Amino acid sequence: MSSTTQTGTSKFSLSMLINDTRYRSTTFQVIALIGLIFAMGYLVSNLLSNLADAGLNISWRFFGETAGYDINQMPIEYNNQMSHGRASLVGAVNTLIVAFLACVSATILGVIAGVLRLSNNWVVSKLMAIYVEAFRNVPVLIWILIIFLVMSNVLPQPREFRGDAAASSMWFDMVAFTNRGVYIPRLVLEDHGWAVFAAFGLSIIGVFAFRRYARALLFNTGRLIPTFLPSIGILILPTVLVYFALGSPIGLENPALKGFNFKGGLHLRLSLIALWFALAIYTGAFIAENVRAGIQAISHGQTEAAAALGMRPGRIMSLIILPQALRVIVPPLISQYLNITKNSSLAIAVGYMDITGTLGGITLNQTGRAIECILVLMLFYLVISLSISAIMNVYNNAMKLKER
Amino acid sequence: MSEAQMKVSDEIAISIENMNKWYGTFHVLRDINLDVQRGERIVICGPSGSGKSTLIRCINALEEHQKGSITVDGTLLSSDVKNIDKVRSEVGMCFQHFNLFPHLTILENCTLAPIWVRKTPKKEAEETAMHFLEKVKIPEQADKYPGQLSGGQQQRVAIARSLCMKPRIMLFDEPTSALDPEMIKEVLDTMIELAEDGMTMLCVTHEMGFARQVANRVIFMDAGQIVEQNEPEEFFNNPQSDRTKLFLSQILGH
Amino acid sequence: MSDKPSIGFVRHEPISPSPPPVQQAGVVKWMRENLFSNWINSILTILSIYFVAKIILASTPWMWNGVWTTSSLRECREVLQGTSGACWSVLAERWNQMLFGFQYPVEAYWRPTLAFVFLLVSIAPVLFQKLPRKMLIFSAIYPFLAFWLIWGGTLLAPVVVALSLIVGYLAFVKIERLTGFATGLLSGVAAVVMVLYLGSFVTTALPEFIALEPVASRDMGGFMLNLILGTVCVSLSIPLGIVLALGRQSNMPIIKGICVVFIEFIRGVPLITLLFVANVVLSYFFPPGTNLDLILRVIIMITLFSAAYIAEVIRGGLAALPRGQYEAADSLGLDYPQAMRLIILPQALKISIPGIVNVAVGLFKDTTLVSVISMFDLVGMIRGPISSSTAWTGIYWELYLFAILLFFVVCYGISQYSQWLERQLRTDHH
């Protein structure tokens with residue numbers, strides 16, 4: 001739209017509100033804003049009169065009232081005398097736990113499946129194709145339900161682990177798979193146990209520092225030193241030394257069968273395991289497709305050019321193909337993580353008490369405060385989604401190919 | 001120097017006064033003063049980035065200018081949408097990448113604007129379209145889609161599409177730059193025919209042979225300003241400014 | 001100079017093609033190269049074959065040995081006498097409930113079945129451009145026909161609605177020609193409202209005119225419910241998605257802001273929270289006294305959900321259009337509504353179809369979530385009435401395999417179409 005600085009001689013007329021490009025967009029926006037305000041006002045007035053008719057109001061005090069219900073999977077301290085707010089917090093932590101576990105395992109599974117899908121081995125690539133197509137085309141709710149039902153029907157009961165002629169036995173006396181869940185050892189930290197973790201953290205930093213040194217050495221002097229085995233050494237040796245030097249300060253509390261149940265150790269309920277596995281396998285199929293598309297998106301000319309320069313396949317993959325493929329793979333990968341977090345809300349289908357089960361389930365039913373509960377529930381997921389999207393935008397901007 | 005010169009009248013078709021344009025802080029067009037008479041054919045040349053495409057896009061308000069005035073056919077280009085619409089229906093434009101509408105047939109491409117902007121009945125619009133398609137010598141392609149035509153054919157259709165609005169001024173933004181060499185001639189021939197019919201034309205192009213044959217005036221632009229303008233013979237044989245001489249040596253030398 | 005050998009050469013006789021030398025061919029060679037080329041590949045091949053064989057050996061006898069004719073799980077086990085075998089009788093007895101829900105009248109099953117067949121017929125010309133365009137007339141009347149078939153009631157009701165849309169469209173076209181887009185739109189809407197108002201008198205006066213037995217929404221269930229929710233919500237959300245996409249990429253900050261907030265909000269929350277809203281909260285926002293059916297409330301929320309995702313897909317399509325198309329439309333003098341309607345949207349929508357189909361598949365899978373708010377779609381039927389009936393408690397594999405089969409066939413079919421279409425579009429564009 002052209003605009004010239006007038007010499008101030010034109011008069012203002014009402015039709016200019018629509019026809020003059022300087023005012024036009026303001027006019028439309030004002031109309032839209034008025035329309036929005038009217039619509040919102042209409043909805044809110046309906047809401048208030050309906051609430052008044054039902055004798056309800058909007059209040060947030062229920063968060064401080066006693067919850068009165070138990071939560072089966074409790075990663076943090078909780079009992080049924082604590083507040084609804086505390087119960088919601090427990091649920092939130094449960095959501096984050098299962099989302100994190102599923103994200104990590106889905107990524108590993110997806111990357112492996114995606115790379116294998118591209119392999120020359122006909123059997124392997126077809127098998128991966130079947131995996132991807134089978135899991136992508138069936139709703140995730142069905143997978144969650146099936147895995148849960150299979151596990152509860154197939155895995156043995158705890159009492160079958162009893163006695164000398166037990167029908168089932170634990171793995172290395174440490175892990176027990178039962179139809180009530182999986183029992184794993186719990187880490188017990190004694191006096192200076194934290195030092196071992198600190199040593200491990202420092203080792204990770206040490207590995208990066210070593211690799212930078214090796215690369216600087218290559219650029220400055222042309223000497224190529226081996227990095228793979230020394231990196232593994234740096235990662236493991238210091239941690240092991242510190243562990244033994246401090247007298248093995250980290251112990252394992254193994255689950256043991258006492259009576260009809262296992263006591264001690266960490267109890268991962270079947271609902272958590274089923275939800276985790278289902279989300280990981282389902283999303284892994286989508287990630288596999290993203291990885292495959294990313295690698296195939298890099299034009300073959302790149303590989304050819306690198307080969308013509310004399311580079312070997314390993315270096316071509318790590319220096320040329322993977323960096324470019326990551327640019328294509330990471331954004332949809334991050335939106336799959338978002339999907340995992342949102343799909344974790346299906347936990348109530350199998351009785352896992354995530355935030356949808358506590359805040360949106362039992363708390364909502366008990367207190368009747370539907371609007372407040374659902375609002376806070378949506379807010380929780382929104383905050384996570386927006387944070388993940390913000391991270392993705394930062395990544396995209398950092399990785400953008402510089403163009404003219 | 002042909003009798004085409006005779007067709008230039010005294011009436012001013014386009015009047016640009018002190019026009020300036022900025023992209024943000026970048027001063028892309030500086031103090032442009034240009035009067036185009038009806039029937040005149042002007043070729044604008046210059047290095048890339050000199051603002052020549054931006055200049056002609058300001059004339060049909062595809063780009064807006066911040067200072068100065070542009071008057072087309074007596075209508076001042078202001079922020080009034082009605083003025084802009086009026087100017088656009090009188091000025092036709094041909095783009096470097098043709099910009100035909102790929103989902104419509106050739107005939108539909110040509111009848112679209114007359115039907116929807118001038119409210120011409122469909123039958124009449126189709127007759128006009130066929131007339132101009134014959135003029136650009138591809139009437140048999142009327143029912144094909146743009147994707148099925150060659151580059152040169154597409155550009156000729158683009159010219160016919162603009163002509164269907166019966167414009168009084170035609171703007172050309174590097175019409176042959178995206179064409180394979182063997183197709184440039186057919187498009188230039190079409191443009192020459194248009195010129196001989198008396199159309200007022202502003203053409204941004206590198207085709208200096210065309211300029212010599214058809215133009216009344218050649219304008220050289222550099223860094224957003226009009227550096228030199230003259231009749232073609234004088235311009236090519238006797239460039240005055242050093243920048244003009246440098247430019248001509250680069251494009252005519254090899 | 002004349003005894004320097006000449007470098008000139010001209011071929012007079014062309015060389016005709018001849019077959020390549022005989023190689024070692026055959027299955028063994030192919031296997032050696034592809035499956036066992038190095039030791040990693042060999043191990044992977046052997047592991048994969050072992051894995052596949054194990055699954056097949058475990059499941060085939062179970063499926064083959066199935067019992068089809070008993071009437072409860074206990075009877076199945078009696079017949080099988082301890083051997084492993086599937087109890088397919090649950091499917092034989094309950095397949096119609098799984099498809100139609102347990103409250104849909106049995107004698108009316110032909111109606112949704114016919115509606116499904118017509119769905120395939122009516123959607124074919126939209127998906128496949130090569131089919132005759134006349135079929136689109138059937139596609140246009142299909143929504144009204146399907147509504148009448150599935151929900152029943154008098155034929156006049158959908159006819160009145162269809163009539164109102166036709167009259168509205170005619171009013172829009174005629175008045176837009178004369179005075180412009182905005183007034184045309186307003187008069188179109190006014191015409192629709194008027195015809196609906198007048199028509200409502202006719203339908204209340206003649207409820208039996210060419211009527212089918214009416215079926216309440218709460219009696220719908222099974223796989224049919226998933227299909228209805230999927231198709232209705234996707235179709236309704238496409239126009240809404242177009243509006244949102246155009247608003248999202250507009251230059252006007254307020255309009256863009258409204259659209260961004262809406263889209264990001266919907267995309268940031270799980271569908272189940274929106275279904276909670278439909279179940280418990282949405283009725284608060286309607287005027288006091290209105291009582292909308294649960295299925296209608298669910299349709300509203302799922303449509304809003306789907307519209308946000310489709311808006312993002314269409315935004316991508318709009319961005320993929322070369323800027324020259326916008327410029328050409330402008331330079332010809334077309335105004336915004338004309339340019340959008342005639343030039344930009346037809347092209348953008350065509351590019352967006354694969355993305356829209358992907359959203360549609362995802363949405364169709366997500367319709368299973370209504371089982372969580374106690375609606376009896378296919379999953380809800382399995383978890384609810386069938387699993388809790390005394391005859392069939394404890395059975396799960398057979399039921400879920402049937403569900404998996406149904407969903408897989410539909411979803412895989414749609415995604416294969418989408419891939420085919422993407423290949424078509426890739427060769428189409430220049």
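B:S50 touches B:M221, B:D222, B:A223 and B:G224, leaving aside residues up to four places away in sequence. The model is a predicted one. B:S50 sits in a loop of chain B, between strand 3 (41-45) and helix 1 (52-59). Is B:S50 buried or exposed? Its relative accessibility is 1%, so B:S50 counts as buried; the cut-off for buried is under 20%. One of its polar atoms lies 2.7 Å from the backbone oxygen of B:P47.

**Chain C against its neighbours**

Chain C touches both chain B and chain A. The table sets out the two interfaces.

| Item | Chain C with chain B | Chain C with chain A |
|---|---|---|
| Residues in contact | 19 residues of chain C, 22 residues of chain B | 53 residues of chain C, 54 residues of chain A |
| Buried area | about 2,000 Å² | about 4,700 Å² |
| Share from carbon and sulfur atoms | 61% | 76% |
| Salt bridges | 1 salt bridge | 0 salt bridges |
| Polar contacts (both at pLDDT 80 or more) | 7 residue pairs | 13 residue pairs |

Take the interface with chain B. Chain C and chain B bury about 2,000 Å² between them. In a salt bridge, the side chain of B:R57 meets that of C:E327 at 2.4 Å, N to O. On the side of chain C that touches chain B, the elements giving two or more residues are helix 7 (156-179), helix 13 (323-331) and helix 14 of chain C. Helix 13 of chain C gives the most, with 7 residues. By class, this side of chain C has 7 nonpolar, 7 polar and 5 charged residues.

Now the interface with chain A. The count between chain C and chain A is 13 residue pairs in polar contact, both at pLDDT 80 or more. Six named helices of chain C each give two or more residues to the side that touches chain A: helix 1 (27-34), helix 2 (39-64), helix 10, helix 11, helix 15 (378-388) and helix 16 (397-428). Which helix of chain C gives the most to that side? Helix 16 does, with 10 residues. By class, the side of chain C that touches chain A has 38 nonpolar, 11 polar and 4 charged residues.

**Two helices of chain C**

Helix 11 (residues 271-281) of chain C has 9 of its 11 residues buried, so it is largely enclosed by the rest of the structure. The buried residues of this helix are C:L271, C:I272, C:T273, C:L274, C:L275, C:F276, C:V277, C:A278 and C:V281. What covers them includes elements of chain A, namely helix 11 (355-367) and helix 12 (370-399). From chain C, the cover includes helix 10 (253-268), helix 12 (294-320) and helix 14 (336-366).

Helix 3 (residues 73-80) of chain C has C:L73, C:C76 and C:L80 as its buried residues. These cover an arc of only 55° around the axis, so they lie on the same side of helix 3 of chain C. On the other side of this helix, C:R74 and C:V79 are exposed. Helix 4 (89-100) of chain C is among the elements that cover the buried residues of helix 3 of chain C. Just after helix 3 of chain C, C:Q81 takes a positive phi of about 55°.

Definitions and conventions
Residues are numbered from 1 along each chain as its sequence is written. Chains are lettered from A and ligands numbered from 1 in the order in which they are written. This is a predicted model: local features need pLDDT of at least 70, side-chain atom pairs count only at pLDDT 80 or more; totals for chains, interfaces and linings use all residues. Side-chain values use heavy atoms; hydrogens and water are left out. Buried means under 20% relative accessible area, exposed over 50%, partly exposed in between (1.4 Å probe, protein chains only). Helices (H or I, at least four residues) and strands (E, at least two) are DSSP runs, numbered from the N terminus. Contact means heavy atoms within 4.5 Å. A polar contact is a pair of N or O atoms within 3.5 Å; within protein, one must be able to donate a hydrogen and the other to accept it, and residues adjacent in sequence count only if both atoms are side-chain atoms. Buried area is the accessible area (1.4 Å probe) that two parts lose on being put together, summed over both. A salt bridge is a side-chain nitrogen of Lys or Arg within 4 Å of a carboxyl oxygen of Asp or Glu. Ala, Val, Leu, Ile, Met, Phe, Trp, Tyr, Cys and Pro count as nonpolar, Asp, Glu, Lys and Arg as charged, and the others, Gly among them, as polar. The arc is that of the directions from the helix axis to the C-beta atoms.
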